[in-house]
Each structure stands twice: as structure tokens, then as C-alpha cells.
Number of protein chains: 2
Amino acid sequence: MPNKFVIIGGDAAGMSAASKIRRMQPSAEMVVFEKGDHISFAACGIPYWISGVIDDGRKLQVLTPEIARNKRGIDVRTQHEVTHIDPGKNKVSVTDLATGNIFEESYDALLIATGARAARPPIPGIDNAGVFTLRSLADGHLINNYLADNQIKHATIIGGGYIGLEMAETYRQLNIAVTVVEMLDQIAPTFDKDILEKVTEHVVENGVDLRLDTRVNAIEKTDKLVVKTSAGDIPTDMVIVSTGVRPNSELAQAAGITLGKSGAITIDANMQTSVPNIYSAGDCAEHKHLVLDEDIWIPLAPSANKGGRVAGENMAGQATRFPGILGTAAVKVFDYTIAQTGLTEKQAEQSGKYAEITTATITGGSRAHYYPGSMPVTIKLVVEQSTKRLLGAQIIGKADVAKRVDVLATAITAKMTVEDIGMLDLTYAPPVSPVYDPIHVAANVANK
Amino acid sequence: MPNKFVIIGGDAAGMSAASKIRRMQPSAEMVVFEKGDHISFAACGIPYWISGVIDDGRKLQVLTPEIARNKRGIDVRTQHEVTHIDPGKNKVSVTDLATGNIFEESYDALLIATGARAARPPIPGIDNAGVFTLRSLADGHLINNYLADNQIKHATIIGGGYIGLEMAETYRQLNIAVTVVEMLDQIAPTFDKDILEKVTEHVVENGVDLRLDTRVNAIEKTDKLVVKTSAGDIPTDMVIVSTGVRPNSELAQAAGITLGKSGAITIDANMQTSVPNIYSAGDCAEHKHLVLDEDIWIPLAPSANKGGRVAGENMAGQATRFPGILGTAAVKVFDYTIAQTGLTEKQAEQSGKYAEITTATITGGSRAHYYPGSMPVTIKLVVEQSTKRLLGAQIIGKADVAKRVDVLATAITAKMTVEDIGMLDLTYAPPVSPVYDPIHVAANVANK
């Protein structure tokens, strides 16, 4: 039984593991090294903090180092960077960034929960003042300060994914003109393009200058910033680069730990890496995709939280399995919510695993048609033709979108067919759903 | 292959079957006999029509006999009562209520979709003017006319189930004082009492005079109505009797068709009764309960619609199974929604099927705690201790209640354990859910 635990990274996965280990082994020696100043913060809330929807950034701190230490008995050391893992000697090298002190720490079991960082594409000028990424609380502070200290009349967002869309809404709420530049021919590239038509219109109707199929070549700084694109120059006051994230897996790689093809760390169902007493969880790790039945890197908060907890249980001696992920996700886009689970049509085709794929896209009402406030809900199902098994679902609408995706995420986890789904006994009452929920309608159409 | 179809009853189950048969056999002979004036109406919308939330009762008519005939090619005869089934001769006796004509109609396959009627408990005075039940559009018209023609200042509702609660809200919206008299010690008796505490308070806070543990002995008519109860007299202007429903199974019983212990018609997974070419669907039939794995009578619109369709498919020669029901249901109670699926604790205990039952009740936020508008959502899970299998769930709250029950209905259908549910990959975004949805929290607590 290990009795000395070291955890690298104090965000969701690391602190979930630490909390679990502390509860299971109250007297074990354990230390959490966190490179930054903050632990356990709700990164997903940052756009809403910048917009003012959330009034105080401190609300995003789920846990402070003080509370972790005093209330949970977890020794968290912020500003401590682990620079090297020696799996042979079961030791890590640590630099205290405040003092410059370097020291070693031994472990019986180690968790790598180093997370992911914002991608910084090789755009000339990306380091100019006024150009930001958005990943950490520190990024949020920098952006808030820049907005306070400068007269920002126009912002440019590079990348039309989740963060880009959320920040576009944030700028519009701040009454700042905003241009979104996206290299691809669609926003939200984890979705199929066809289901996003109305959402894309909605983004434009909300005053966002949306430039699809547009590549950024450089960000120039003269008296103001100029984003040079394949379709012309965009003079602007500040730039957000939201072009995805990269796994912080270099430390693991240097220690000889196996990485997956995404570059994130390979783990098994017990969150164990290729080195038996080294575990990984969170955004630095791949997870098993429950539909593809292969490892995939989709770094999202729910798997970081659950996976961290499972890692902690395994490290503390209780074998527990993390079954895997579906890439289930939701994002608010002005009045719309868009949400997805499992494979898109694109992904299903690209996987090469399915001889024939059928899709069904329907629009139904969120409530009984005669009940006031019913909103259109559009569902796209992706189905393996031969088995009728549901592979994935995407839903857009202005009401009750995310939870309908949750129903379908549950159905996919259970390997249900569209016939099974068409027969699900779901709630019905005029104010909450039609007698055939749009889920049923979509499943029945896909079953034809 | 049958080529002459007779359907008794033109509501959800009957018309679903007829529509399916017509699509599958465009030239087959088929007739639908409906005793009343209306077909396919949304009974669940009636309280909202009376309150004025739905402005026009015609919106509740899903289908009129004219549209059924002209657009769907279905020969619907309203005001036609089937009075006798002769399974030996494959004939039914029909009375045309408009003309008094009596005739026989032969069939190759027959569907009994006679539905259910409002229970009329043997209360002296239940037939007095001003005393109503609420089941059909005709009932809705009678109540609306009575409200228009009389100065109603106070109404009394006998029975605090779904309809009673919806009508209590309706009266409050009409600014009419209302007393609800319930024999049991709780409202919404299909729920466990403990989860309803806040909802019960909320009903009272909304001005409903709620009398639990109170039995109605008589309804007297002097100059006004007086509801005589075990706890005193309630002078009132009108009375709604909402004490449940009874299956219209007498016709089937008289034909020697097997009934279940509830008194509703026994059917198999193909919706076939004990007579091979006689099918049944809707509120007059029992259905298999997916948790109890035995037949149960829970007459609700979703199973009537789906079961009718399945009956039609089987009658038209395509073997299709109706898997069963969970009793999933939701009702709006002023600002709250209460919803349930599977077994309550009470039902699980009474079933005698489970050596030990554990429950977990938790309250979580509907959204991330830091995001504005997050509402408390209280979940009660009922779990078989030995297997950790989820047997049932009840949720109350002011937001996102019904769809969370749908997630759990799907999980129960898939026979998931609370461990499986704790690991479900559900949507997360601050505006739609916390990173651990209350569903996860409840499952994790139940798993301990």
C-alpha cells in the first residue's frame, strides 16, 4: 500500500484525486505541487466573469490553497513547478518559483494532472500586447485589466469554437464590436456543419462579424492592432486567440511515459500510465471513447473531475474503473444552446468503423405544441445502419437542449438502438414536453 | 393477413393504431368507432385551457374526424358505441347514438382502445349540479360553461393527485379561492411523501387551502354546495372530483378477454389480448413494468400513443414489441415541477421483491453554483442494495426537473447501477449544469 502520494497539478483532476486520497487515507503523506497561483478554478466560467454575468471572479475558485490545507488537510504548494520525474527512483524534481529553491520529493504513487494549455499557433505577432489566450484565471485577470485600462471598441477572436463563441457573446454583452475569424467553413467545429445553420445566423443577428473560411496570417501592431487575414485586414483593439488547447504532457514524455497519438498521456481504465505507480487524469490524458472503443483526447472538465477521483481511489488502494467518455458537451451561444454527445456524422465517417451510417435530423417542440413557450428543438442523430445503434447526437435550440443530449448520452452509454430510444418512457406534461418528445421523433425517423 | 380492421375508441391509442395500419395497408378496410364527439384530444392540456394559459380549446384537438377521414383516409365514426364483442364470430355490435340504429361489424383484427374514465367514488351528492370530473374535452366545456355562468368565488377539489394539483393552480390563476381535500397524508400520492415537503409548502404559499388526512363524506346542495368532510364542512361554489381513473374494460371482460388484477386488460408485448386477433392499447390496458417485470396499470398518454402504434403494426402484420413502461410522469405544480420514474421507495418496499432498499436524497444546483439563475433540484433515488441497481427516481425543483428524470428513466431502462450513473458523461457548461450534475451527486451518494 502506498503511503506517500505526490500530485502534479492542483486543478480539477489533481484536487479531486487529493481529496479522495485524503478521505481514504487520513494519515498518509501527500503533497500537491501547482505551478500557478490558483487551484481548482472553474475555467468554464471565465467568459461570464468578463461579461459581468458573474460579478466576482472569486466565485470561480472552487477551492483555495488555504481551504484545501485547513479544511481538507491537503498540503498544496502553489508556485511549485515539477520539472522532472524519475520513475526509476520514484522521485520528482521541484522548483519553488517564488524562491528559486530546487528540491526532490519522493513518492510511492504519483499523479500527473498537468492539464492542458491554450494553443498558440505560429502567427507572427501573437506575442503583441493586446493579444490574449483564455485558459486560466490569470488570463481572465489580464483580459479584465486590459478592458478596464483601454478604450476597447472592437475585439477580434481568432477561432470560432466553444471559447470563441462564448467570448463573442461576452463582447456583445459589453457592447464591444467583435469579429470572429475562423479558418474552417463553420463555427463550433466539433459539430456537423448542417445542424448549425440557424445558430450561425443567430450569431450574426446578434451583431457578430463572422468571417468563416478565413486564415489569419499575422497580427500587426502599429498605433492599433491589425489582424491580417486571407480575406483582408481587420483593425482591432484587442485579440483573443482561441484555437484550441494542447496537452501538458512533456513532463510525462520526458520520463518515458507512453503518450497516445494525440500527444496526451495514455492511461488504462484505472487511470494508470505505462509506469505502474504513475497515474494520470484530466486534460493531459487521453480517455477511452465509449463509442469508438479507442483512446481519444477530448479535454473537458467532467472527465477531469471524475477521472481525478477515480485516480485517487486507485492510488489509495481501491481498484475503481473509469469507464470512458462520449465527448458530451454543451455551450450557450447567445439565446441558443448547442450540445452534442458521441460521434458526429463527420467523425463516424472518418473513423472508418461503420459500413454505413444513417442520420436523421428533425425539429420538434420543447413543450406540447399548444402550450405557450414551446421552442423548436432540432436533433440530429447519427446511427450505424446495420445495427441501428445510436452513435451520436447533436441538438440545438433555445430551451431544454442540454438535458435532452444527456438522455441520449445515457442511451449511447447503454448501447441502445434507435428502436430502443423510440420506446423510452420519458416524462410528458404539456409544460415540459410533447407526448412524443423530439427525442422519440428523431429516433423513430432514424429507425425507418 | 387481416384485411378488415375494427378499432374501438378514437383517442390516442386508437388513432395511433389506425394511422399506422392505414400507412402500412393503404387499401385495407378499417373503421374506428368512437362513442363521444371528439377524437385524439390532449386531455392533459384541459386544466391549462380552463385557466386561459391555452387560449382556445380547439388547440387541444390533435385530429378531428374530418381531417382523419380526408387527410389520413381513416373512417372515423363518432357517436358510435360498441356494445358487444363476439370473439367467436369476429363481430362487434354497434349503436349509432345519433340515430339509435344498431348494427354489426365484422373484423379480422380488433383493437380495444376504450381508455379510462374518471373514477366516481360513492360520495352522496356526487351527482349534484356544480360537481364535475375532468377527463374529456366535454368535461372541459362543462366546467368552462359553469365558470362563465356562475359567480364562482370558491372551488373545492376532491383528490390531491396530478389533476387535483393542476386544477388548484388553474383556480388560483383565475383568482378563485380553492380548497383541496385529500384523504391521504400527502399530495401527489404516486410520490414518496418525504420528497414533497417543499412542494407542499409551495402549494399552500400559493393560496391553496390544503386539507390532508381528510375524508369527504358527502356533497350537500342547499343554496350553495357544502362538502362535508371528516374535518368539518366546506361551503363552496363548485367541486372537482379528481380521485383517479378506472379502466373501460367491461366490454372486454364481457367478451371473455382476460383482465389483470387492476381490472385493466392483459396484453402481451405485441399488444395482443388473450384472444389472438383482439389487441388492446392505451388506458384500458395493463403494461409490463420494466423494473417490476410484471403487468401494472399506469394509464398515461405516452404509453397510449406508443402502444397504439405498436398495436397497429402488429395488427397490420409486422411483429413489433412494446417493451414496457416505467410510470414516468411529470406535473407542474405552480413554480415547481415534480417528476418521477420507476419505483418509489414505498412501491419498492411493497413489491416485496428487494431484500434491502437504499435511498439517497440530495439537493444540487440546476446550473453551476456561480452562474445566475441556478435553482435547487432535489433528487431521491431508490436503489436495490445488493445490486446497486437504480429502481426509481423522483425529482422536484423549479428548473430542469423533467429532463433529469428522463436521463434516469433511460438509465433504469438500461438496468444501470448507481455506479454506472455516477460515471455518465453528461453535458456541462455553467449556464446548463454544474460539473457534477445533481444526477451524479445523487448516484454517488447512493453508491456509498
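Axes are lines fitted to C-alpha atoms, for helices over the stretch in contact, and the angle between two of them runs from 0 to 180 degrees between N-to-C directions. Two packed helices are described by this angle and by the distance between the axes. In the predicted model, the axes of helix H1 (residues 12-24) of chain A and H8(A) come within 7 Å and cross at roughly 35 degrees. The crossing of H1(A) over H8(A) is right-handed. On the side of H1(A), the contact involves A:Ala12, A:Ala13, A:Gly14, A:Ser16, A:Ala17, A:Ala18, A:Lys20 and A:Ile21. On the side of H8(A), the residues taking part include A:Ala301, A:Ala304, A:Gly307, A:Gly308, A:Ala311 and A:Met315. Sorted by class, the contact of H1(A) with H8(A) has 9 nonpolar, 6 polar and 3 charged residues.

Chain A as a whole has 12 helices and 25 strands. Its C-alpha trace spans about 65 × 60 × 40 Å along the principal axes. For 448 residues, a compact globule would have a radius of gyration near 22 Å; the value for chain A is 23 Å, which agrees. Of these 448 residues, 52% count as buried. Among contacts between residues at least 6 apart in sequence, 64% join residues at least 24 apart.

The domain assignment divides chain A into domain 1 (4-42 + 62-116 + 246-315), domain 2 (120-241) and domain 3 (336-447). The C-alpha centres of domain 1 of chain A and domain 2 of chain A are 32 Å apart.

Chain A also touches chain B, in a contact that takes 53 residues from chain A and 53 residues from chain B. On the side of chain A, helix H8 (301-315), strand S21 (329-333), strand S22 (336-342) and helix H10 (402-413) each supply at least two residues. The largest share, 10 residues, comes from H10(A). By class, this side of chain A has 37 nonpolar, 8 polar and 8 charged residues.

A:Ile102 lies in strand S6 (residues 102-106) of chain A. Leaving out residues up to four places away in sequence, A:Ile102 touches A:Ser93 and A:Thr95. The C-alpha atom of A:Ile102 is separated by 31 Å from that of A:Arg58, a residue 44 residues apart from A:Ile102 along the chain.

Notes:
Residues are numbered from 1 along each chain as its sequence is written. Chains are lettered from A and ligands numbered from 1 in the order in which they are written. This is a predicted model: local features need pLDDT of at least 70, side-chain atom pairs count only at pLDDT 80 or more; totals for chains, interfaces and linings use all residues. Helices (H or I, at least four residues) and strands (E, at least two) are DSSP runs, numbered from the N terminus. The radius of gyration is taken over C-alpha atoms; the globule rule is 2.2 Å times the number of residues to the power 0.38. A residue is buried if 20 or more other C-beta atoms lie within 10 Å of its own, exposed if 12 or fewer, and partly exposed in between; C-beta atoms are placed from the backbone. Two residues are in contact if their C-beta atoms, placed from the backbone, lie within 7 Å. Domain bounds come from an automatic or database domain assignment. Ala, Val, Leu, Ile, Met, Phe, Trp, Tyr, Cys and Pro count as nonpolar, Asp, Glu, Lys and Arg as charged, and the others, Gly among them, as polar. A crossing is left-handed if the near helix is turned anticlockwise from the far one by less than a right angle, and right-handed if clockwise.
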